Amino acid sequence: MRMALLELDFSRPPYGMEREEKDRWYTGQLKTLTAYHSQRCLPYRRMLDAMGCEPGQAAHYCELPWLPVGLFKELTLSSLPEDADYKIGQSSGTTGQAAARVVLDGETRALQQQALAAIGGTVLGRGRLPMLVVECPSILKEGRAFSAKAAGIRGFSLFGRRRTFALGEDGALDREAVEGFLKQFGGSPFLIYGFTSQVWRHLYLEPAELGWRPDLSRGILIHGGGWKRMQDQAVSREAFRAGLKERCGIMRVHDYYGMAEQTGSIFLECGEGHLHCSDYSAVLFRRTADFSLCEPGEKGLVQVMSLLPRSYPGHNLLTADEGILLGVDNCPCGRKGAYFTVTGRVADAQIRGCSDTYGEDGA
């Protein structure tokens, strides 16, 4: 039986709470979720016991125990009954690295999609826009592995209509499909969705090779993941935006920060270029030397918290990414809550690949 305190209201704006209000509310929610998983996941409870943690005594969510995100490459943790129906979420990993695995039941997947839709609505509005997806159609076919890419497409599709895929099944740009989409919908606002590295490859590099300049100037681009590959290509965020603007006229670009281990709890970029916490998430920054909390403006390891994971204890994770808290409740965009930037991977960290496949079995 689920605890009433953990029920989320997706009907209200996800960026509405003032700092003190959210701190009190979020601390209570996360304490309850920690206790919930401790009661239902024996390995998690053993880890808390070994650390000497007593979550019930925490006065603030910063005092609650976190797990290193890399742990999900070593263990498959579940808070579900043995006979529960679930899928295994598996990150793509990186060559030579293990993949992360998380257990996802129907409730958790539904919460992930609802959160994605609520957060995305802050930049897309309530209307449904024609949707151009920088992916191939088979990613959504029944019987195929359930991927984070598919979850993102489904989540943002709540704001989309007349969904068109920009890639063919060979993984190459389908110019005919894109031109047909633009002929029908290019004169009004439309949604573009894709993973960062694929957007760059298929909306900048391939059109440049073809000498083609598709007019995507009315598009609103939402993209996430893949920055490791972009850094390998020496493409900065500024160059990414400038290249898309020059090649196909895209002006409105919103990045988001997220990971397979907490799918749905994305941190969406505002018009000022800052990543924001929704009311479903929280973020802290810790020093690499002793894991103490950083001051605003000080670079540290990114710790992400989410109220969405109900089927596995992935609600409080320390990542191997570095970032900086820029402020709270005072972003020029007007949104309440913490806003920040991610600067990259900590030196010598194990690389975490973007989420790629969700297996159908529960092994």
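**Before selecting anything**

Residues are numbered from 1 along each chain as its sequence is written, and side-chain values use heavy atoms, with hydrogens and water left out. Because the model is predicted, local features need pLDDT of at least 70 and side-chain atom pairs count only at pLDDT 80 or more, while totals for chains, interfaces and linings use all residues.

**The whole chain**

Show the protein as a cartoon, and 8 helices and 15 strands can be traced; helices (H or I, at least four residues) and strands (E, at least two) are DSSP runs, numbered from the N terminus. Of the 363 residues, 55% count as buried, where buried means under 20% relative accessible area, exposed over 50%, and partly exposed in between (1.4 Å probe, protein chains only). Switch to a surface view, and the protein exposes about 15,800 Å², of which carbon and sulfur atoms supply 49%; these areas come from the Shrake-Rupley method with a 1.4 Å probe, and for residues only the protein chains shown count as cover. Among contacts between residues at least 6 apart in sequence, 72% join residues at least 24 apart, a contact being heavy atoms within 4.5 Å.

**The nonpolar cores**

Select Phe10, Tyr61, Leu124, Phe156, Tyr193 and Ile222, which touch the most other members of the largest nonpolar core, a group of 40 residues. A nonpolar core is a set of buried Ala, Val, Leu, Ile, Met, Phe, Trp, Tyr and Cys residues joined through side-chain atoms within 4.5 Å. The elements giving two or more residues to this core include α1, α3 (106-124), β4 (129-133) and α4 (148-156), and the largest share, 8 residues, comes from α3. Apart from this core lies another, of 30 residues, among them Phe72, Val283, Leu325 and Phe340.

Now centre on Phe10 and display its surroundings: leaving out residues up to four places away in sequence, Phe10 touches Leu111, Gln114, Ala115, Ala118, Tyr280 and Leu308.

**The second largest pocket**

Rolling a probe the size of a water molecule over the atoms shows where empty space is left. On a 1 Å grid over the protein atoms alone, a cavity is a set of points where a 1.4 Å probe fits but cannot get out, and a pocket is an open set with protein on both sides within 12 Å along at least five of seven lines; lining residues have an atom within 4 Å of a point. Grid points are joined across faces, edges and corners, and a volume is the space filled by probe spheres set on the points.

The second largest pocket holds about 430 Å³ of space. Select Arg19, Tyr61, Val283, Leu284 and Leu325, which are the closest to its centre of the 20 residues that line this pocket. At least two lining residues each come from α1 (19-40), β11 (281-286) and β13 (316-328), with the largest share, 5 residues, supplied by β11. By class, the lining has 13 nonpolar, 4 polar and 3 charged residues; Ala, Val, Leu, Ile, Met, Phe, Trp, Tyr, Cys and Pro count as nonpolar, Asp, Glu, Lys and Arg as charged, and the others, Gly among them, as polar.

**The second largest cavity**

To see its lining, select Tyr15, Gly16, Met17, Lys22, Cys277, Ser278, Asp279, Lys336 and Gly337, which divide into 3 nonpolar, 3 polar and 3 charged residues.

Val304 lies in strand β12 (residues 299-306) and is buried, with a relative accessible area of 0%. Draw a C-alpha to C-alpha distance from Val304 to Asn316, and the two residues, 12 apart in sequence, are 6.0 Å apart in space.

Finish with two backbone angles: Arg162, in strand β5 (residues 160-165), has a phi near 50°, a positive value in a residue other than glycine. Asp329, in the loop between β13 and β14 (338-345), has a positive phi near 65°, and Asp329 is partly exposed, with a relative accessible area of 21%.
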